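Welcome! Work through the exercises below with the sequence and the 3D view open, and try each one before reading its solution.

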Amino acid sequence: MKVINAVLCPGCGSLCDDNEVYVEDNKIVKVRTDCAISTSKFLNFNKDRNTTPLIRVDGELKPTTLEAAIERVARILVEAEYPLIYGWSLTSCEAQKKGVELAEEVGGVIDNTTTVCHGPSILGVQDFGEPTCSLGEVRARADLIIYWGCNPSSAHTRHMKRYSSLSKGRFRLPEQRKVVVVDVRKTPTARNANLFIQVKPNQDYELMAALKMMLQNEEIEEQEVAGVPVEQIEELAELMRSCEFGVLFFGLGLTMSEGKERNIDGAITLVRELNRWTKFAIMPMRGHYNVTGANKVFTWQTGYPYAVDFSRGYPRYEPGDTTAVDVLSRGYNDATLVVASDPVANLPKDAVKHLCSKPLAVIDPHISLTAFMADVVIPCAFVGIEEGGTAYRMDGVGMILKKVVEPPEGILPDTQILDLILKRVRELKGGR
Amino acid sequence: MEYLLKNGYVVDPANKIDCERKDIAVKDGKIVESVDESKAKVIDVKDMLVMPGGVDLHSHIAGSKVNIGRLFRPEDHYKDYEVKKGVRRSGVGHSVPSIFTTGYRYATLGYTTVFEPATPPLKTVHTHDELNDIPILDKACFPLFGNNWFVMEYIRDGKLEECAAYIAWLMRSVKGYAIKVVDPGGVEAWKWGGTVQDFDQEVPRFGITPREIVRGLVKVNKMLGLPHPIHVHANQLGVPGNYKTTLRTLDAVKDLAAGDRPIIHLTHVQFNAYGGVDYLSLSSGADAVADYVNKNPHVTIDIGQVIFGDTTTMTADGPFEYKLFTLLRGKWANADVEVETGAGVVPITYSRSNYVHAVMWAIGLELALLIEDPWRVFITTDHPNGGPFTEYPRVFSWLMSKEARAKVLKKLPRLARARTNLKDIDREYTFYDLAISTRAATAKILGLSNKGHLGVGADADIAVYNINPKEVNPSKDYKTVRQAFAKAYLTMKDGEIVAKEGEIVSAPVGRTYWVNTKAPQDIEDAVIPEVKRLFEDYYTIRYENYYIPESYLACSAPIQPLEPAG
Amino acid sequence: MVRFTLLTGRSLVQGVGKEAGKFSDKYIQEVSTCQMDPEDLKMLNIKPGDCVRLTTEYGSVVLKVSSSALVHRGSVFIPYGPYANLLIGTKTGGTGMPSFKGIPVEVEPAPGESVPELKELLVKMYGRK
């Protein structure tokens, strides 16, 4: 049995890198971590694995060869006028780069899953900037930790222990930290907080505005704002103002509810205001393990973090128009390639309807819901377990993923599959 | 492939060649004595200016803070884009261009080597990711050390050998090139929301002063025989009156110099050469700084010229960017990095009618003109802090023509003209001066013996400009100069033509240099386990995952350290 | 029929179940169950395990209901997934992001109805004719 140390978990945006993976006969037999999601990932990733490329014939997915599947995907992309290339948060930066190159080559639009998670956060950053820090700064210094509209106990299970409230930092012990949770429901995270503030759904912006008013010593005449008594808001404002190093982690509770990017504007401007009083940082709790990497790669290669359109031969970015949900629900695209994501499970009904009504190709290690509906499915190696590559943690620290087992025979990494598609696309285009 | 560039006027200061008609022969990527004219591709560059490819030692082109600038400024890109064409990938500008465009635009200017001067070690995977993607150019990155916990504590405790061993280990781990120091101690203070106001003020909780950090790192640099001196962004950047801090920083290490070899490179000095006591009384301190540099061979500088227009400031100096934000109240990004450093990004528009900006503009040029030895003052805009690198040709024309400067001066606020020295300076750069300051001297101070010259054996990185140096009078024809330098007639990289009259014709992968340095084995053996132990307490990633293997670099070019100087 | 506020979101079981496969019972069960406050269940006169029909401006679906103290009165929580998405619209207001949280929803008991089987649902909703 082989024990591999310091393995990165290709799970959530925390990208914990201290997992021990036990391998016997090219199989993971045990994983040492205290995260249920990570354990499930390492032990189950190989269950119900599809190892055959599939093509839909007479309404049913039938086995085919890799060559035939690549040919089909290439033709779908070349024949389409405006293909959407979507996904990218559960794979390596190397694959993401190939995706950008492919989108540029076929003159399509490429989007990553940011579009339905922290897209509004990026819009907020583009409005006001982002006073932030690496997670180790929180660990070393933070004495006030606020989780707003996010629930790490369920989604980033080791976040508190490794990076924030429960971590032991150079200048700060767990007992010297205070934790505040602001949410619409009393989440598992809220149960362990020093202070839980229950905000009414869709009223986070109002609460942030009230906090800013308090910091600027303005009177609030109402008894409560956003369902929160004014005394409690005052308590929070005082905690914020008087801490030595505060951090505001926020999640989809802000990006997905009424206000969207305006909620993020509110949060960022609140943190800017707090920096007049003390040191304060803000950070989105990114979901998939390399969604941050997708934003980084897209940005350094095209100038824009997601929703990049190449239909005019150069990168264009128009959220609300080149974003996947808008492209799909308005029926702009006439084909889709999905890599490392499952839009059928994650996008609203009408977007999925259009997605499934046009040629649809999927590259994924598993039969996802999207693969189940696709015209072509190419199975690939599981990045972060069967294939290395680069991924970025939610705070922008890039790390190198480990390959701990070999993929099933004949199964290629998505980077290579995309490269084969790209080559075939260029041949087909050249032949015209 | 063999080439013969015929009939050009060669300016190659490292070989003391000043506008001589000379053919340049190229074979297998190198400059050679001669080639067989019947086999070689002969390119007639009759009467054109032939120089070594440009070498930029300080330009923020890759990594975390650059990408923050790109991400949060879509408005920077909308109007400036490049369509995919042939080997040229598409992309966008302007002050923070996308990565392919960065490489193409430098090549178009005739530059072939560009160094990223600030990488947080923890985020150097990111820096290499971007460097790997830059086409054409040779490059490297400088890890930041001036606020590093290990460094501050080793120096405070007088453990210089241990400090050297730590830095050697880190340099190898992240594949870095030189020791970069930004606002020594000040960024650590900023992580608590504070600043270090004085060169001799203690860093909170670390019991060490900026002076001690800088002195310690100069000594370590020597012990490790790194090819480049320590590369310093001094304290108090952007603060009126800071020229005094600058002089104290330079003078603090004077006694550590041996011979004429520079031991400290002070970067983008324009931002650190301010007189006055506040922004209302801001004046040029360039004359005092230039005077010091003229008298003291242990110093080199680059200017960090300001260009009027819109750009994006970005630096590891987080506290400076916060100050700038409180003045401008626009967008502000801050990105502190555990144990090591920080970063800030703020967009700015430098305006001619703004008194402060006008003074800044004059200071950069004054430094370049008042420092007599072009081997010790280099032309930069601290891209993109002073302005985008694509504006270099404009800076060249200002340096080569008093008339060109006067034209701008005339439009500045009267008080700005009065409180700067530029109007009284007559000096004009020659092509020879320019070639020193942008190629020969920068290659030399970086320790790149194959770059910055056209002698036999040098890398065949060549820039040909369509301008006749014998006929053109830059003093009068400054527009011609600017246009010629904006679009090289031909740029060759490693003996391959990469750009021709503004078109990219090939896009090879450039090298990434790093220094394979080592401290004495017994000291490393003692230090590394200690670092490993503390690593778990300090960082949020595992020690094992900090290491970047050589195979991660698209084209790794390790450099051996120099023999440590006496 | 009573108006509630629909919140969709991540749950630990959904996260773990997703790793076991999107067609695994664990995942399907989690994402096809909505969670409500016990008092609200009483008010609607339903028990945990009963079926309810949820209807928004954008669609309608039958789900199992469970009782949860973590969901407050007036709210319904459904873990992210193919069932919740049937109730979500595609308007993004220029942001690219649909509203996945805070949507008005009507809830009514659905005795005699059952939760649609996942594969059948996908084919019915999205399959090509």
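**Exercise 1. Find how the residues lining the second largest pocket divide by class, then describe this pocket.**

Step 1. The lining divides into 13 nonpolar, five polar and six charged residues. Here Ala, Val, Leu, Ile, Met, Phe, Trp, Tyr, Cys and Pro count as nonpolar, Asp, Glu, Lys and Arg as charged, and the others, Gly among them, as polar.

Step 2. A word on the model and its numbering: this is a predicted model, in which local features need pLDDT of at least 70 and side-chain atom pairs count only at pLDDT 80 or more, while totals for chains, interfaces and linings use all residues. Residues are numbered from 1 along each chain as its sequence is written, chains are lettered from A and ligands numbered from 1 in the order in which they are written, and side-chain values use heavy atoms, with hydrogens and water left out.

Step 3. Now the terms. On a 1 Å grid over the protein atoms alone, a pocket is an open set of points with protein on both sides within 12 Å along at least five of seven lines, a cavity is a set of points where a 1.4 Å probe fits but cannot get out, and lining residues have an atom within 4 Å of a point. Grid points are joined across faces, edges and corners, and a volume is the space filled by probe spheres set on the points.

Step 4. The second largest pocket holds about 490 Å³ of space. Its lining has 24 residues, and B:Pro227, B:Pro229, B:Arg261, B:Pro262 and B:Ile445 lie nearest its centre. Helices (H or I, at least four residues) and strands (E, at least two) are DSSP runs, numbered from the N terminus.

**Exercise 2. Locate B:Ala443 and list its contacts.**

Step 1. B:Ala443 sits in helix α16 of chain B.

Step 2. With a relative accessible area of 1%, B:Ala443 is buried (buried means under 20% relative accessible area, exposed over 50%, partly exposed in between, with a 1.4 Å probe and protein chains only).

Step 3. Contact means heavy atoms within 4.5 Å. Leaving aside neighbours within four places in sequence, B:Ala443 is in contact with B:Val55, B:Leu448, B:Lys451 and B:Gly452.

Step 4. B:Leu57 is 386 residues away from B:Ala443 along the chain, yet their C-alpha atoms are separated by 8.1 Å.

**Exercise 3. Is B:Ile155 buried or exposed?**

Step 1. Look in helix α5 (residues 149–156) of chain B, where B:Ile155 lies.

Step 2. B:Ile155 counts as buried because its relative accessibility is 11%.

Step 3. Beyond four places in sequence, the contacts of B:Ile155 include B:Leu160, B:Cys163, B:Ile208 and B:Glu212.

Step 4. For B:Ile155 and B:Val45, the separation is 110 residues in sequence and 55 Å in space, C-alpha to C-alpha.

**Exercise 4. What is the volume of the largest cavity, and which residues lie nearest its centre?**

Step 1. Rolling a probe the size of a water molecule over the atoms shows where empty space is left.

Step 2. The count comes to nine cavities of 30 Å³ or more, and the largest cavity has a volume of about 430 Å³.

Step 3. Of the 27 residues lining the largest cavity, A:Glu130, A:Thr292, A:Lys296, A:Met394 and B:Leu71 lie nearest its centre. Among the elements that give two or more residues are α4 (119–128) of chain A and β18 (332–336) of chain B.

Step 4. The largest share of this lining, five residues, comes from α1(B). By class, the lining has eleven nonpolar, eleven polar and five charged residues.

**Exercise 5. How many helices and strands are there in chain A, and how many in chain B?**

Step 1. Chain A has 18 helices and 22 strands, while chain B has 18 helices and 26 strands.

Step 2. Of the 432 residues of chain A, 70% count as buried. For the 566 residues of chain B, the share is 68%.

Step 3. The C-alpha trace of chain A spans about 70 × 55 × 35 Å along its principal axes. For chain B, the box is roughly 65 × 55 × 50 Å.

Step 4. Two pairs of chains touch, and the most contacts are between chains A and B. No contact joins chain B and chain C, whose closest C-alpha atoms lie 15 Å apart.
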